[in-house]
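Here is a short report on a predicted model. It takes up a pocket and then helix packing.

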Amino acid sequence: MRLFRPGLFSRVLYPDAVFRISAGERSLCLTFDDGPDPDSTIRILNILEKHKIKAIFFCKGKAAEKYPEIVDRIRSAGHIVGNHGYEHLNGWRCTTEKYLKNAESAVPFTSDLLFRPPYGRMRLGQYSRLKASFKIMFWDIMPYDFDESFGAENSLRILKKKIRPGSVIVLHDTPRSFVPSILNDFIIHTYAKGYKFILPELKV
C-alpha cells in the first residue's frame, strides 16, 4: 500500500520535526533525496535554474563524497544541502548507535544542521538524540517517483492532486526517478494555481 502522506501518528511521534512549512498561504518546499547523481541531479538543477526555484537536496554522504563537484554546484546555485545519512539506513532495523554514527559520517560531505531519515523511519531514541543537533525534516507529499511500477504519469497526478499550502514535497534525484521527466510540468501547474516555492527558515 502506498502512503502519499505520513500518518498523523508520525507527527505525534516526532513533534519537533518539519512536515509542512508555514511561510505564506501558497508556499511549497521542494526537496530531493538520495543524490547526488551525475545525470538526474544535473537535469533537475537545470530545470530549477530555468524557473528560478531553490530547493533542499538531502544527499547521501557516500554519493556526496563520490561527486563533490555536484554538491558544490548545488550549493553555488543557492540550494540547501541536507544530510540523508552516509548509507541509506532503515532506522527501524539498526541500533541507535549505528544510526547516529551513520548520520555523523555524512556530515563532512553534506550537513551538520539538517537531517532527513531514510525511508522516514527512525526509532524514538534515534530521533531524540539527533534532534539535539539537527533540524529533522520529513515531508507532506510522497509521489513515489522512484517506483517503476507506479509510473511517471501517476506520480505527476498525485503531485497535482495532493499539493496544499505549506506542503513539503519529497522527490528523488536518482537514476530510477521519474522527476526529470515530470518536474517542469509540475512547476508550470503549480504556478498556474498561484503557488510559489520557497526555502523555509530552519533553526535547530
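## Residue classes

Ala, Val, Leu, Ile, Met, Phe, Trp, Tyr, Cys and Pro count as nonpolar. Asp, Glu, Lys and Arg count as charged, and the others, Gly among them, as polar.

## The largest pocket

By these classes, the lining of the largest pocket divides into 14 nonpolar, 7 polar and 6 charged residues. The lining has 27 residues. Y119, G120, R121, W139 and M142 lie nearest the pocket's centre. The volume of the largest pocket is about 770 Å³.

Helix α1 (residues 8-13) supplies the largest share of this lining, 3 residues.

## Helix α7 against α8

Helix α7 (residues 152-162) packs with helix α8 (residues 179-192) at an angle of about 25°. Their axes are 10 Å apart. Angles under 35 degrees count as roughly parallel, and α7 and α8 are therefore roughly parallel to each other. Their crossing is right-handed.

From α7, the contact takes in A152, S155, L156, L159 and K160. These meet S181, I182, D185, F186 and H189 in α8. The contact of α7 with α8 holds 5 nonpolar, 3 polar and 2 charged residues.

## Helix α2 against α8

Helix α2 (residues 40-51) also packs with α8: the axes come within 9 Å and cross at roughly 20°. That makes α2 roughly parallel to α8. Here too the crossing is right-handed.

In α2, the residues in contact are S40, R43, I44, I47, L48, K50 and H51. Their partners in α8 are V179, P180, L183, N184, I187, I188 and Y191. This contact of α2 with α8 divides into 9 nonpolar, 3 polar and 2 charged residues.

Methods:
Residues are numbered from 1 along each chain as its sequence is written. This is a predicted model: local features need pLDDT of at least 70, side-chain atom pairs count only at pLDDT 80 or more; totals for chains, interfaces and linings use all residues. Side-chain values use heavy atoms; hydrogens and water are left out. On a 1 Å grid over the protein atoms alone, a cavity is a set of points where a 1.4 Å probe fits but cannot get out, and a pocket is an open set with protein on both sides within 12 Å along at least five of seven lines; lining residues have an atom within 4 Å of a point. Grid points are joined across faces, edges and corners, and a volume is the space filled by probe spheres set on the points. Helices (H or I, at least four residues) and strands (E, at least two) are DSSP runs, numbered from the N terminus. Axes are lines fitted to C-alpha atoms, for helices over the stretch in contact, and angles run from 0 to 180 degrees between N-to-C directions. Angles under 35 degrees count as roughly parallel, over 145 as roughly antiparallel, 65 to 115 as roughly perpendicular and the rest as oblique. A crossing is left-handed if the near helix is turned anticlockwise from the far one by less than a right angle, and right-handed if clockwise. Contact means heavy atoms within 4.5 Å.
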